Amino acid sequence: MSMKTAWPYKKIVAHRGAGTMAPENTLAGFRVGLQHGYHAFETDAMLTKDGVAILMHDPKFGRTIADTRSVPELTAAEIRQLDAGRWYSPFYAGEPPTGFEQAVRWCRANDVWLNIEIKPAPGFERETGEVVGKLTTELYADLIREGGAHADGIVPQAPLFSSFKPDALRGAKETAPNLPRGLLVDVMPDNWRELLDEIDCVALHCNHTRLTQARIDEVHAMGRWIFCYTVNDPKRVAELFRMGVDGLCTDRLDLVHPVQ
Ligand code: G3P
Ligand code: MG
C-alpha cells in the first residue's frame, strides 16, 4: 500500500513562525514569515500556570526571555509582561509573548495554515493536549468535519497537531477527534509503528538527518505521510522531495522559498 491521498497542505512550512529571521513564536515573527511569502507556519503551544495556551518552545525561560522562572510557574497575565523580542535584537524589544488564541486569530485573518506542535512542560503532557485540542476545536469550529482527522477527510485549511509526547496527542485526540495528528520523533522509538496506529496519526514528523529512503517508503506503505524538520539547505530540500518526503519546515525563509 502507498499513500493514495496527496499531502493536503503547503509543502514548505516556516518553523516557529519565522524560523531564525525574527523572534520565534511571536506575532512579530509571524509577520516576517508572511512578508517572506509563507502561508504555513509550525509553532509550539504550551500551558501557563493558569492553564492558558501560549506560544513557547522552552518550558524554562532564559534563551528567548530573560527570566529564571518557567512557563508553568507564571500566569498568562504575568508572562504577557515579559519581553520575547529583545533576545533577538533591540529592534524587537518589548515584543510580548504571544497567546495561542491570539496567534490562531491572526493566522486565520491572514490565510495562514498552522502545524500546531503541542509542547507540554514536563508533567503536563495530557492536559496540554486536551486544552490545546479543545481551544483549537472552538477556534476552527467552522472548518471541522466528521472524518477530518483522516487522510481522505482532511480540511486543508484546518490545522495539523504534532507532538513528541504521545500523551499530548492522546489528549488532543480526546478533545479534537476530527483534527489530524502527526507523531514527532527524533531518535525513532521502537514502538513508533504501534504509536502511529494507536494514536491514529496521519503523519510521522521526523528529523531529516535520521531519515532514510527505506523509512520514507515504509511510512508511505503504512498509509502515512512523512514531514521533516528542520531543513535549512535548499539542496537538501530538493533531495528530500525527490526521495518522496511530503512536507518539511525550515528556519531559512530567505533561502528556502515557499512552494505550492
Ligand atoms: O515540529 C518540528 C520541530 O519544531 C520540532 O522541534 O524543537 O523545533 O520544536 P522543535
Ligand atoms: Mg516545534
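Predicted model: local features only at pLDDT ≥ 70, side-chain atom pairs only at ≥ 80, totals over all residues.
Reader: Which residues coordinate the magnesium ion (ligand 2)?

Author: Along the chain, the donors of the magnesium ion (ligand 2) follow the spacing E-x1-D-x72-E. At distances of 2.0 to 2.2 Å, the coordinating residues are E42 (OE), D44 (OD) and E117 (OE).

Reader: Is D44 buried or exposed?

Author: Buried means under 20% relative accessible area. The relative accessible area of D44 is 0%, and therefore D44 is buried.

Reader: How many residues apart are R105 and E101, which both lie in helix α3?

Author: R105 forms a salt bridge with E101, and the closest N and O atoms of this pair are 2.8 Å apart. Both residues belong to helix α3, where about one turn of the helix separates them, a spacing of 4 residues.

Reader: Which elements of the chain hold E218 and R193?

Author: The side chains of E218 and R193 meet in a salt bridge, at 2.5 Å from N to O. This pair links distant parts of the chain, 25 residues apart, with E218 in helix α7 (residues 213-221) and R193 in helix α6.

Note on methods. Residues numbered from 1 in each chain as written. Chains lettered and ligands numbered in written order. Heavy atoms only, no water. Donors = N, O, S within 2.8 Å, 3.2 Å for Na, K, Ca; no water. Buried < 20%, exposed > 50% of the residue type's maximum accessible area, 1.4 Å probe, protein only. Salt bridge = Lys/Arg side-chain N within 4 Å of Asp/Glu carboxyl O. Helix = DSSP H or I, 4+ residues; strand = E, 2+ residues; numbered from the N terminus.
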